[in-house]
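Please look through this model before reading my comments. The points below are meant as a guided first tour.

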Amino acid sequence: MPFMTYAEASRAAIAEEMRRDPAVWAVGEDLGRGGVFGQYKGLVEEFGPERVSDAPISEACIMGAAVGAAMMGTRPIVEMRFSDFALCAVDELVNQAAKARYMFGGQTRVPLVVREPIGMWRSSAAQHSQSLEAWYAHIPGLVVVCPSTPADNKGLLKSAIRCDDPVVYMEHKNLWGLEGEVPEDDDFTVPIGEARVVREGGDLTIVSWSAQVHVCVKAAEALATRGIKAEVIDLRSLWPWDKARVLASVEKTGRLLIAQESVSVAGFGAEVAATVAERLHKALKAPVKRLGAPRAPISYAPPLEDAARVSKEMIVNTAEGLVRT
Amino acid sequence: MPAASRAGSRAPKGTPRDPAKKTIPNVLQFSKEEELHAYREMLLIRRFEEKAGQMYGMGLIGGFCHLYIGQEAVVVGMQMAAQEGDQVITGYRDHGHMLVCGMDPKGVMAELTGRRGGYSKGKGGSMHMFSKEKNFFGGHGIVGAQVSLGTGLAFANWYRNNGRVSLTYFGDGAANQGQVYESFNMAALWKLPVVYIIENNRYAMGTAVTRASAQTDFSKRGLSFNIPGEQVDGMDVRAVRDAGRRAIDYCRSGQGPYILEMQTYRYRGHSMSDPAKYRSKDEVTRMREEHDPIEQVRRRLLGEWKVSEDELKTIDAKVREIVNEAAEFATHDPEPDPSELWTDVLLDA
Ligand SMILES: Cc1ncc(C[n+]2csc(CCOP(=O)(O)OP(=O)(O)O)c2C)c(N)n1
Ligand SMILES: [Mg+2]
């Protein structure tokens, strides 16, 4: 299997899907020169500017026009670059794309992929660092995907492009350069809604998604040296999310810790915690714990930015607390 | 509040201009003092930005950092036309705007390095600073966002009838955002005192104006709202001040908004991480050699005003001293304490 970065994997996914299906096209700012993170590199050369189109800085219209074009049966990939910028186009996404299928009695579908990267990316400050995945998980009519590895970024993006409903596809800015094995096979996809067990263990379940998964794995390694076996689950998608997998794991371990980079208050971790509490009250050996960012904007200065992160140490300490109770 | 009563309650002084008619004025000459002032102010921005670029290279500044080198005449000329109390608001390419507003170079540089003494206590960085005292309303990272906010500053001026004007700056790329046109309509409808200053530096990141704009004459962007507009040589500080005075007078006299397209150029990449491969070296060299805003003033000072090289060197030395002091402060001022995470979030509870 070839080694690729997270960004390259997404490029491969788009190239394969564009070759397979002429209805697929991409639109956004600076795509012509490969996207600001190189996530579209080489695509305009292969597919031309009609299919990989450079748009003016007009997020609301980019999104709205893509919704219209999707209703016509084309399959747009909309690049918003930062989830923060996508907020300029929330009406088009939330009021239009998410509602159209249901509100019109199933007469139209919106096969749209909105790429809007999330996450802290050293010193990007308050308007370029947000992780807003929970916002979209709250909206009926939207699929929400948060890939954490190069292979998933290929497989999930391909599934997102093939999906007939709008997908909010949230890559993590800090992962663009992450390398990993990625299947070359054109038919390789990762189904949306299936979690990945990154590491098995019987003492507690750690649920996470996006870049935070990697921190959880490091924490699990540290816990292992202290004799605690943590099972780490990468949700991969927040809607639909793999309840069955999480419930089965917690039934086995009796302990649940959720770790997320985004703000903890009203975050997706709360949904996971509530679901487990509702279903598995008797199986729980300790209270469910959540770790997430404080409800404060992200700062520019590194010490303040770091203070908002969920660190390996925090996960280790919290997990130990759970197991030792 | 119905629009009619709004516009009627403060009757405009002076006759409205025909928005389609462009003035191509003879540029008023500067006095020697004005030339020296403009020279010093532009040089301060240039040296400050060069230092910021160096400090970025040394790892003292991180994240996003957008330099203003090449565009100095725009803010300096506008500030020479403005009055004390007029507001300034802009996007993320904001260092020059802050310096001409009279903000302390130490506080600006210390924000770039993310220190306690920075204007935002290290929380904002290069793109996000503010000074109520100097009427600078930010430093905004979302392209186009400042345009409706700047319209709101003008609304407050109108509401309080305080005679102030809002100077709202944005780029050629930002001019394609929808809220710009919502702002134009509202400002024209309510006759709000706002000058929309479009800094057309020919590129939005790597995208040349012609690749992103159906109408590249930005002075015409307000035509359908009856907003007068002018294209201005934004490399000539005299032309900027001239047009700035016309625009600001128009707004201050209650006739509504005004658009100035400043034709300018940025010498450096979009931000520190941009190698600017989308344009030729020649293009940059030509602009620098033939249109540099500082060099233009320098030549006039040495020629027409018979100022000696030594006098200019003294100015340069003073400017460098200010910038070095700022850099020194910004390097040694401590980083914020992690407890700052919890200040200024929301209610003090
Ligand atoms: C809503 C939004 N979309 C995209 C961006 C990314 N972005 C930052 S600056 C920029 C280009 C803006 O160009 P222009 O308005 O011409 O200003 P200049 O940088 O030339 O001063 C873009 C696309 C952003 N910050 N916000
Ligand atoms: Mg520009």
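The numbered points that follow go from conventions to chains, then to contacts, the ligand and a few local details.

1. **Conventions.** This is a predicted model, in which local features need pLDDT of at least 70, side-chain atom pairs count only at pLDDT 80 or more, and totals for chains, interfaces and linings use all residues. Residues are numbered from 1 along each chain as its sequence is written, while chains are lettered from A and ligands numbered from 1 in the order in which they are written.

2. **Chain A overall.** Chain A has 12 helices and 14 strands. Helices (H or I, at least four residues) and strands (E, at least two) are DSSP runs, numbered from the N terminus. The radius of gyration of chain A is 20 Å, close to the 20 Å of the globule rule for 325 residues, so chain A is as compact as a globular protein of that length. That radius is taken over C-alpha atoms, and the rule is 2.2 Å times the number of residues to the power 0.38. Along the principal axes, the C-alpha atoms fill a box of roughly 60 × 45 × 40 Å.

3. **Burial and contacts in chain A.** Of its 325 residues, 57% count as buried. A residue is buried if 20 or more other C-beta atoms lie within 10 Å of its own, exposed if 12 or fewer, and partly exposed in between; C-beta atoms are placed from the backbone. Take the contacts in chain A between residues at least 6 apart in sequence: 80% join residues at least 24 apart. Two residues are in contact if their C-beta atoms, placed from the backbone, lie within 7 Å.

4. **Two domains in chain A.** Domain 1 covers 3-181 and domain 2 covers 196-324. These bounds come from an automatic or database domain assignment. The domain centres, taken over C-alpha atoms, are 27 Å apart. In the contact between them, 23 residues of domain 1 meet 22 residues of domain 2. On the domain 1 side, α6 (133-137), β6 (143-145) and α7 (150-162) of chain A each supply at least two residues. By class, that side has 14 nonpolar, seven polar and two charged residues. Here Ala, Val, Leu, Ile, Met, Phe, Trp, Tyr, Cys and Pro count as nonpolar, Asp, Glu, Lys and Arg as charged, and the others, Gly among them, as polar.

5. **A covered strand.** Look at β10 (residues 204-208) of chain A. Five of its five residues are buried. Both faces are covered, with A:Leu204, A:Ile206 and A:Ser208 on one side and A:Thr205 and A:Val207 on the other. Five bridges join β10(A) to β11 (residues 230-234) of chain A, and the two strands run parallel. Strands pair if DSSP finds at least two bridges between them. A:Ile206 has A:Val232 as its bridge partner in β11(A).

6. **A helix to check.** Which residues of helix α5 (residues 90-103) of chain A are buried? They are A:Glu92, A:Leu93, A:Ala97, A:Ala98 and A:Ala100. Their cover includes α3 and β5 (113-115) of chain A. After α5(A) comes A:Gly105, whose phi is positive, near 60°.

7. **Chain B overall.** Chain B has 12 helices and eight strands. Its radius of gyration is 20 Å, close to the 20 Å that the globule rule gives for 349 residues, so chain B is as compact as a globular protein of that length. The C-alpha trace of chain B spans about 65 × 55 × 40 Å along its principal axes. Of the 349 residues, 52% count as buried.

8. **Where the chains meet.** The contact takes 28 residues from chain A and 34 residues from chain B. On the chain A side, α3 (59-71), α4 (83-86) and α11 (302-307) give two or more residues. The largest share, four residues, comes from α11(A). That side has 17 nonpolar, six polar and five charged residues.

9. **The ligand site.** Residues from chains A and B surround ligand 1, so the site is shared between chains. The shell holds 19 residues, and the closest include B:Val143 and B:Gly171. A residue counts as near if its C-beta atom, placed from the backbone, lies within 6 Å of the molecule. By class, the shell has nine nonpolar, five polar and five charged residues.

10. **One glycine.** B:Gly141 is found in the loop between β2 (136-139) and α6 (145-160) of chain B. Is B:Gly141 buried or exposed? B:Gly141 is buried, with 24 other C-beta atoms within 10 Å. Leaving aside neighbours within four places in sequence, its contacts include A:Ala125, A:His128 and B:Tyr92.
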